[in-house]
Amino acid sequence: MTQRHWLTQVVQTTLWAIPVVFFGYLTVRYTAITGTYTYVWTPQENPDKNIQPLGRASKTLQDVETGEVFQRITGDPVYLMVEVPRTFEQVTATVDLHNTGQPLVELGLQNSTEWKFDLHPLDVPLLEDLNWYTLKDEQGNVLMQKGQQFSSIQEFVADLPLDQRIAQYYQNLDPEYVMDPYQVRPNLHITSPLRGLHTFYGYVEAQPISVEVSFLDTNRSFDVDTLTVSLMQADQVLAQGVVEDDGNVVADGQVSDVKKVHIETAELVNGEFTLQLTSTDDILITTLNTNFGYLVTRQVFLAGNTEYRPSSSGFSTSPTELTTNATMVQAETSHPVGLQTLQVGTLELPLLKVNSPDHIDLPEDDIKTILSPQNDVLLTSSGWISFTPESFFDRDYLIERLTPTTHLEQVNYIYAADLPEHSVTETVRSVTFNLTDLPGDKKKLNFILSAPGLDQRKAELTVSSIRFKFTRPPLTLRGIFERITQRIFS
């Protein structure tokens with residue numbers, strides 16, 4: 001074989017191999033035949049691919065000394081949209097995070113067609129320097145004690161020290177509540193209009209329960225607006241009433257006449273119970289009347305605003321005053337008429353932008369007032385909210401959620417789960433999400449980075465990269481053949 005002929009064969013083979021290798025690479029990468037797909041996000045000049053919104057995340061920045069490119073997070077929360085070429089069952093997000101002064105950082109994935117997220121701890125400096133006696137189990141539960149009172153987590157859960165303060169983080173301690181002593185309170189007559197779904201907790205001793213709800217259907221959305229009012233205790237339905245849609249499923253803004261639903265229990269009720277109002281956001285509760293006096297919730301949508309006021313009478317737009325024991329209150333409004341400054345205890349919580357949640361951290365978990373001058377606001381609390389001071393009760397005993405403002409000097413136990421592994425010199429953190437039950441388009445994933453109170457405490461948080469590793473079972477020849485067959489005959 002001559003050298004010229006040899007060179008010709010090499011060139012031909014190379015020219016043939018380049019597209020084969022290229023298309024082979026694309027096939028493996030974008031069809032995930034091996035079952036894995038990796039995407040590494042780094043700050044880009046294209047703002048559509050960066051962490052958003054710009055009001056809470058900086059443009060692309062670069063450290064002049066190290067050359068590192070990053071985005072600085074200045075508000076809470078921020079979001080990152082990631083698109084993948086096909087669906088997967090799991091993703092592990094590994095974040096290169098630099099955190100100075102932020103007690104808690106969490107990473108989440110939108111797991112609902114509504115605005116809800118599956119959050120996990122990403123960085124928890126609040127707990128790193130505690131020299132407490134710590135227990136762990138195989139399920140990832142962690143118990144931290146100021147003193148060695150319990151020798152196992154099982155012992156702690158079986159005999160909760162309800163006379164001592166417990167902070168829980170990604171746990172759900174929910175002991176049966178007993179009010180001792182029980183004091184009768186006046187029946188509740190709530191006239192502050194409410195919007196959509198609400199979950200309340202009440203308490204009675206040896207009495208039947210009755211609830212009457214008056215409501216309107218605003219018909220702002222294309223959906224069926226059914227209201228279900230349920231009384232439940234220990235997963236048992238005590239009484240339930242359902243009012244079907246008014247027949248108008250067109251988003252024409254035509255407000256229905258006032259409707260009422262009344263339910264009552266056939267037997268006497270003892271102890272705590274749940275009152276559930278299940279509906280769409282088109283339903284406005286105008287009045288809620290009960291024959292009992294204790295009722296609290298963690299989240300309430302105050303709708304007594306001119307934005308919702310129908311032409312009919314009996315719809316209050318007066319300022320709403322609530323009672324709470326929260327150490328954190330978050331507020332959000334979706335209309336310009338809802339922009340206002342709320343008074344929380346002695347502090348102010350200004351709402352300056354629509355669809356932009358703002359919150360306030362409070363120094364103590366004492367009883368305080370929330371005053372909403374204009375309503376049209378969704379309030380979320382770390383503690384409990386009631387409509388009158390007399391109807392308030394703390395169904396958690398001394399159990400509270402761990403937040404950046406938790407006073408650890410007042411806490412005896414910390415019960416946590418899913419805590420990230422941490423090394424003093426490491427800045428890399430990983431969180432894994434299950435994608436199998438994700439609704440909607442599983443190829444477009446919306447991630448959230450949450451750092452509660454970041455802007456208020458002037459902490460510094462920067463992100464230089466996030467590595468997403470997606471996994472699913474690898475494709476086999478049989479699997480490929482089945483997919484082709486399905487496409488042909490479907």
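This is a predicted model: local features need pLDDT of at least 70, side-chain atom pairs count only at pLDDT 80 or more; totals for chains, interfaces and linings use all residues.
Residues are numbered from 1 along each chain as its sequence is written, and side-chain values use heavy atoms, with hydrogens and water left out. Local features need pLDDT of at least 70 and side-chain atom pairs count only at pLDDT 80 or more, while totals for chains, interfaces and linings use all residues.

Student: How many aromatic pairs are there?
Tutor: Rings of Phe, Tyr and Trp (its six-membered ring) pair if their centres lie within 6.5 Å. Planes under 30 degrees apart count as stacked, over 60 as edge-to-face and the rest as tilted. By this rule the count is 23.

Student: What kind of pair do Y39 and F468 form?
Tutor: The ring centres of Y39 and F468 are 6.1 Å apart. Their planes are 20 degrees apart, and the pair is stacked.

Student: How many residues apart are Y39 and F468?
Tutor: Strands (E, at least two residues) and helices (H or I, at least four) are DSSP runs, numbered from the N terminus. Y39 is in strand β1 (residues 36-41) and F468 is in strand β32 (residues 460-471). The pair links distant parts of the chain, with a separation of 429 residues.

Student: Which class of accessibility does F468 fall in?
Tutor: Buried means under 20% relative accessible area, exposed over 50%, and partly exposed in between (1.4 Å probe, protein chains only). Y39 has 23% relative accessibility, so Y39 counts as partly exposed. F468 has 1%, so F468 counts as buried.

Student: Why is the pair of Y177 and F393 called tilted?
Tutor: The ring centres of Y177 and F393 are 5.4 Å apart. Their planes stand at 45 degrees, so the pair is tilted. Y177 lies in the loop between β10 (166-169) and β11 (189-190), and F393 in the loop between β27 (377-386) and β28 (399-401). The parts tied together are 216 residues apart in sequence, but the reason for the class is the plane angle, 45 degrees.

Student: Which ring lies under the charged end of R298?
Tutor: A charge sits over a ring if NZ of Lys or CZ of Arg is within 6 Å of the ring centre and within 35 degrees of the ring normal. R395 sits over the ring of Y201, 4.0 Å from its centre. For R298 the distance is 3.9 Å, and the ring is that of W384.

Student: Which residue of β30 stands opposite Q90?
Tutor: Two strands pair if DSSP finds at least two bridges between them. Strand β5 (residues 90-100) and β30 pair in the antiparallel sense over 7 bridges. Opposite Q90 stands N434.

Student: How far is F200 from V296 in space?
Tutor: F200 lies in strand β13 (residues 198-207) and is buried, with a relative accessible area of 0%. Contact means heavy atoms within 4.5 Å; leaving aside neighbours within four places in sequence, the contacts of F200 include F273, L288, V296 and F387. F200 and V296 are 96 residues apart in sequence, but their C-alpha to C-alpha distance is 5.5 Å.

Student: What volume does the largest cavity have?
Tutor: On a 1 Å grid over the protein atoms alone, a cavity is a set of points where a 1.4 Å probe fits but cannot get out. Grid points are joined across faces, edges and corners, and a volume is the space filled by probe spheres set on the points. A search of the whole structure finds 2 cavities of 30 Å³ or more. The largest has a volume of about 80 Å³.

Student: Which strands each supply at least two residues of the lining of the largest cavity?
Tutor: Lining residues have an atom within 4 Å of a point. Among them are V78, L80, F447, L449, V463 and I466. The strands asked for are β4 (78-83), β31 (444-450) and β32.

Student: What is omega for the cis bond between D180 and P181?
Tutor: Most residues other than glycine have a negative phi, and most peptide bonds are trans. The bond from Q52 to P53 is cis, with omega near -5 degrees. P181 is found in the loop between β10 and β11. The cis bond joining D180 and P181 has omega of about 5 degrees.

Student: Is A234 buried or exposed?
Tutor: A234 lies in the loop between β15 (227-233) and β16 (236-243). Its phi is positive, near 55 degrees. The relative accessible area of A234 is 75%, so A234 is exposed.

Technical notes. On a 1 Å grid over the protein atoms alone, a cavity is a set of points where a 1.4 Å probe fits but cannot get out, and a pocket is an open set with protein on both sides within 12 Å along at least five of seven lines; lining residues have an atom within 4 Å of a point.
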